[in-house]
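Biologist: I would like to learn how to read a helix and a sheet in a model of this kind, one feature at a time. Could we look at it together?

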Amino acid sequence: MASVFLYHVVGDLTVGKPEMVEFYETETVESAIRAIGESTECGIPVWRKRSTPSIPGFVENSEMRQHRFVGILNSLDIVAFLAKSECLQEEKAMKIPVSEVVCPNNTLLKQVDPGTRLDHKPRNFEFLSLE
C-alpha cells in the first residue's frame, strides 16, 4: 500500500486566471444576465462601490475589500427572481438593480496569502498487479 500526500499552494491554483472583475450592486438584472453568460465561473461576485475615490498609490486592504463584497449571483438566483409575480413586466424587471436580487453573504469571499498551502489528508492507494 502506498501513501500519497497532496498539497497545493494557492498561488499555483490562480496562475493564469484573470483578475476578479467587480460587478457592482447598482448594475441592472439585464447586465447581470449578460455578465453571467460571459463568465467562465458559475456565478459573478457582486460588490459595493469604493467609498473612497481612487487615490494614486492607495491600496485597499483585505478588511475593506471584505466589507465591500456583497455576495455571489448566479443564474438560478436570476430565474427565481424573474419567476416572482411582481416581475411579470419583463422590461421593468430587467432594470431592477442587482442589490434586490443577490443574497448578501460576504463570508463567501476568502482572501488568503498566495503562498498559503492547501493541505489534503494522506490517502492510501492499493496497487493491484494484473496478471
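Modeller: We begin with a term: a residue is buried under 20% relative accessible area, exposed over 50%, and partly exposed in between, using a 1.4 Å probe and protein chains only. This is a predicted model, in which local features need pLDDT of at least 70 and side-chain atom pairs count only at pLDDT 80 or more, while totals for chains, interfaces and linings use all residues. Residues are numbered from 1 along each chain as its sequence is written, and side-chain values use heavy atoms, leaving out hydrogens and water.

Biologist: Which residues are buried in helix α2?

Modeller: Helices (H or I, at least four residues) and strands (E, at least two) are DSSP runs, numbered from the N terminus. In α2, residues 29–38, the buried ones are V29, S31, A32 and I36. Seen down the axis of α2, they fall within an arc of 155°, taken from the directions from the helix axis to the C-beta atoms, so they line one face of the helix. The face turned away from that buried side carries the exposed residues G37 and E38.

Biologist: What do the buried residues of α2 pack against?

Modeller: They pack against β3, β4, β5, α4 (75–82) and α5. In α5 (residues 90–94) we find M94, which is in contact (heavy atoms within 4.5 Å) with T28, V29, E30 and I33, leaving aside neighbours within four places in sequence.

Biologist: In what order do the strands form the sheet?

Modeller: Two strands pair if DSSP finds at least two bridges between them, and here 3 strands form an open sheet in the order β3-β4-β5, with mixed pairing.
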